[in-house]
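Dear colleague,

Please read them with the model open beside you.

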Amino acid sequence: MEMNIKKIEDMSLNAWPSHKMELYDGWILRFSYFYTHRTNSVEQFGTSTLPWREKVSYCEHVYKRLGTPAIFKISPLVSQDFDYTLENRGYEIQHTTNVMTLRLSSAHLEYPYEDVCFTDDIPDKWIESLFDLKGTTNPIHRAVVPSMYHAIPKETICASVLENGKIIATGLGILDREYIGIYAIHVREDHRGRGLARQICTGLLKEGMKKGAECAYLQVVEGNTPARKLYESLGFHYFYTYWFRVQPV
């Protein structure tokens, strides 16, 4: 089980590059002008040799220089004692996220998806539309994040639903080994309830199968009940939880 978690953690790192990254004694410090917690946090990926206290202080200094609080991702691969260390320093838990997985041979993919368009690349129009769907107005994010999408090193399947020439729903599949990761599922608020998210997920999973994917994974923020119910109806099951410890300011 632990090896499977490690595989998904590695694949999620591959799937979503940060604007800047620094390797430090088995940790990776990621920075993206605080676009998301995942792209602006410290992840543990290798063997650590230095004392935690020294390393945490170093990370706090790095992020202070970059203008954001230090954030550490806590997954089941991270020592519980390390989580306690951050708690004792006043770090708060934010953005608790559940990882769900699916073996595609047992997926429920009967739903039609004829409204979904697919491309192998990630067009700038898609990224701009995603910003609009998410309400992203920060000019630094809108300037920097497109390069992060274009830097994804793995094969991608980009999904869109258009109406009157405008993208009203998005999704992104990222292929890595025998998995497809499902990302960026967003539907414009006035078009929700039409099954567009189900169409996109179904289409991405089926297109992924055509390209050799045998399993799928995705991440859903705790408390997003409509999304979790959709994913469960497709056959996804809960696998593990991670969260972020955020430095007090």
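Predicted model: local features only at pLDDT ≥ 70, side-chain atom pairs only at ≥ 80, totals over all residues.

Two or more lining residues come from each of β5 (92-103), α4 (124-134), β8 (166-176), β9 (179-187), α6 (196-210), β10 (215-221) and α7 (225-234), and it is β9 that gives the most, with 6 residues. Sorted by class, the lining of this pocket holds 23 nonpolar, 11 polar and 5 charged residues.

The second largest pocket has a volume of about 160 Å³, and among the residues that line it are Asn-4, Lys-7, Ile-8, Arg-103, Glu-178, Tyr-179 and Phe-239. The elements that give two or more residues to this second lining are α1 (2-15), β5 and β10, while its division by class is 6 nonpolar, 2 polar and 3 charged.

Turning to the strand, β4 (residues 71-74) is covered on both faces, with Ile-71 and Lys-73 buried on one side and Phe-72 and Ile-74 buried on the other. In a regular strand, side chains alternate between the two faces of the sheet. Strand β4 pairs with β11 (residues 237-246) in the antiparallel sense over 4 bridges, and within β11 the bridge partner of Ile-71 is Val-246.

With best wishes

Technical notes:
Residues numbered from 1 in each chain as written. Heavy atoms only, no water. Nonpolar A, V, L, I, M, F, W, Y, C, P; charged D, E, K, R; others polar. 1 Å grid on protein atoms, 1.4 Å probe; cavity = no way out; pocket = protein on both sides within 12 Å on 5 of 7 lines; lining within 4 Å. Points joined across faces, edges and corners; volume = space filled by probe spheres on them. Buried < 20%, exposed > 50% of the residue type's maximum accessible area, 1.4 Å probe, protein only. Pairing = 2+ DSSP bridges.
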